[in-house]
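Below is a short briefing on the fold of one protein model. Please read it alongside the sequence and the 3D view.

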Amino acid sequence: MLDKSNIKTLKPLPRHVAIIMDGNGRWARRRFMPRIMGHRQGAKTVKEIVTATRELNIPYLTLYAFSKENWSRPAEEVNALMDLLYEYLQQELDELLGKRIRLRAIGEIEALPPKVYDMLLETMEKTAKNYEMQLILALSYGGRSEIIEAAKRFARKCMEGHLSPDDLDEGSFRSFMYAGDVPDPDLIIRTSGEKRLSNFLLFQAAYSELYITSTLWPDFDKQEFLKALNDYRRRERRFGMTSEQILLRCTSSES
Ligand code: IPE
Ligand code: IPE
Ligand code: MG
């Protein structure tokens, strides 16, 4: 038996945190307010969590801001969300530049209203050379369609004669996805208690640790974020191996 006494129990912080920001509508309903007020409050939480992520030196943060399925919400709510996104990009550009945060997007962003799309491209361009942290917004995003679109891109390369089916493996497939260079999320947080992925990062979430809190997104703050991170740091990620193998790997890399 391995002696566990000299093994540090607290693991490093995750390199990539992805968050399913859920519960804005319920937050508003509990206060007898229109749903959009929940989204407005949720945008404030986004700012707090981005700042905290940067302070903690976590290099990648992906936020699920709008799913492909969210297009089927009432037009009034969709429009309000698009306006909020535009406002966020406009207000945060200086902050992103000052903190050297690169903004990226995953999803069918061409489907966004032109005004929002242009602002998004402008923000991505202006922050493209920032290297301290990457903030990745999932917008009009769907995990299944990301996989299907990647398969189509690969098939086209094959038909053009540049690649053959045998060239495909888990690594090369990523290069056909939205942000293939970004490491898989180590930790996926979902607020508001729902226990599902809702079409988020289906390929990349294969070995992500999941953290679900009943706290609604507008109430999620730095304290709650630290709680989630500490919970993650106490976990043992085994990737299919046994606990003993993991311990052996830790001790040999430490010595
Ligand atoms: C998450 O909050 C925001 C988006 C999906 C855009 P919801 O709007 O889904 O909030 P609930 O789930 O109705 O409370
Ligand atoms: C998931 O939340 C999408 C985002 C957080 C943007 P939803 O509220 O849309 O998820 P479901 O429909 O309850 O699964
Ligand atoms: Mg929801």
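Helix H4 (residues 114–126) lies across strands E3 and E4, running at about 140° to E3. Here contact means heavy atoms within 4.5 Å. Axes are lines fitted to C-alpha atoms, for helices over the stretch in contact, and angles run from 0 to 180 degrees between N-to-C directions. Helices (H or I, at least four residues) and strands (E, at least two) are DSSP runs, numbered from the N terminus.

This is a predicted model: local features need pLDDT of at least 70, side-chain atom pairs count only at pLDDT 80 or more, and totals for chains, interfaces and linings use all residues. Residues are numbered from 1 along each chain as its sequence is written, chains are lettered from A and ligands numbered from 1 in the order in which they are written, and side-chain values use heavy atoms, with hydrogens and water left out.

**The sheet**

- Six strands make an open sheet in the order E3-E4-E2-E1-E5-E6, and the pairing is parallel. Two strands pair if DSSP finds at least two bridges between them.
- E3 (101–106) and E6 stand at the edges with a single partner strand each, so one side of each has no neighbour in the sheet.
- From one strand to the next, the twist averages 20°.
- E3 pairs with E4 (residues 133–141) in the parallel sense over six bridges. Leu 103 has Leu 135 in E4 as its bridge partner.
- Four bridges join E1 to E5, and these strands run parallel. Ile 19 stands opposite Ile 189 in E5.
- E5 (residues 187–190) and E6 also pair in the parallel sense, over four bridges. Leu 187 stands opposite Glu 209 in E6.

**Strand faces**

- In a regular strand the side chains alternate between the two faces of the sheet.
- Both faces of E5 are covered. Leu 187 and Ile 189 are buried on one side, Ile 188 and Arg 190 on the other. Buried means under 20% relative accessible area, exposed over 50%, and partly exposed in between (1.4 Å probe, protein chains only).
- E6 (residues 209–212) has a covered face with Glu 209 and Tyr 211. Its uncovered face carries Leu 210 and Ile 212.

**Helix H2**

- H2 (residues 35–55) lies across E1 (16–20), E2 (60–67), E3 and E4. H2 runs at about 160° to E2.
- The axes of H2 and H3 come within 10 Å and cross at roughly 25°.
- H2 and H3 are therefore roughly parallel to each other. Angles under 35 degrees count as roughly parallel, over 145 as roughly antiparallel, 65 to 115 as roughly perpendicular and the rest as oblique.
- The crossing of H2 and H3 is right-handed. A crossing is left-handed if the near helix is turned anticlockwise from the far one by less than a right angle, and right-handed if clockwise.
- Residues in this contact include Arg 35, Arg 40 and Lys 47 of H2 and Glu 77, Glu 87 and Glu 95 of H3.
- The residues of the H2 contact with H3 divide into eight nonpolar, three polar and seven charged. Ala, Val, Leu, Ile, Met, Phe, Trp, Tyr, Cys and Pro count as nonpolar, Asp, Glu, Lys and Arg as charged, and the others, Gly among them, as polar.

**Helices H3 and H4**

- H3 (residues 75–98) and H4 pack at an angle of about 15°, with their axes 10 Å apart. The two are therefore roughly parallel to each other.
- H3 passes H4 in a left-handed crossing.
- Among the H3 residues that meet H4 are Met 82, Leu 85 and Leu 89. On H4, the residues met include Val 116, Met 119 and Leu 120.
- The residues of the H3 contact with H4 divide into 10 nonpolar, two polar and two charged.

**Two loop residues**

- Arg 237 lies in the loop between H7 (222–233) and H8 (243–254). Arg 237 is buried, with a relative accessible area of 19%.
- Leaving aside neighbours within four places in sequence, the contacts of Arg 237 include Asp 186, Glu 209 and Tyr 232.
- Glu 132 lies in the loop between H4 and E4. At 25% relative accessibility, Glu 132 counts as partly exposed.
- Glu 132 touches Arg 54, Pro 59, Lys 99 and Arg 100, not counting residues up to four places away in sequence.
- Glu 132 and Arg 54 are 78 residues apart in sequence and 7.8 Å apart in space, C-alpha to C-alpha.
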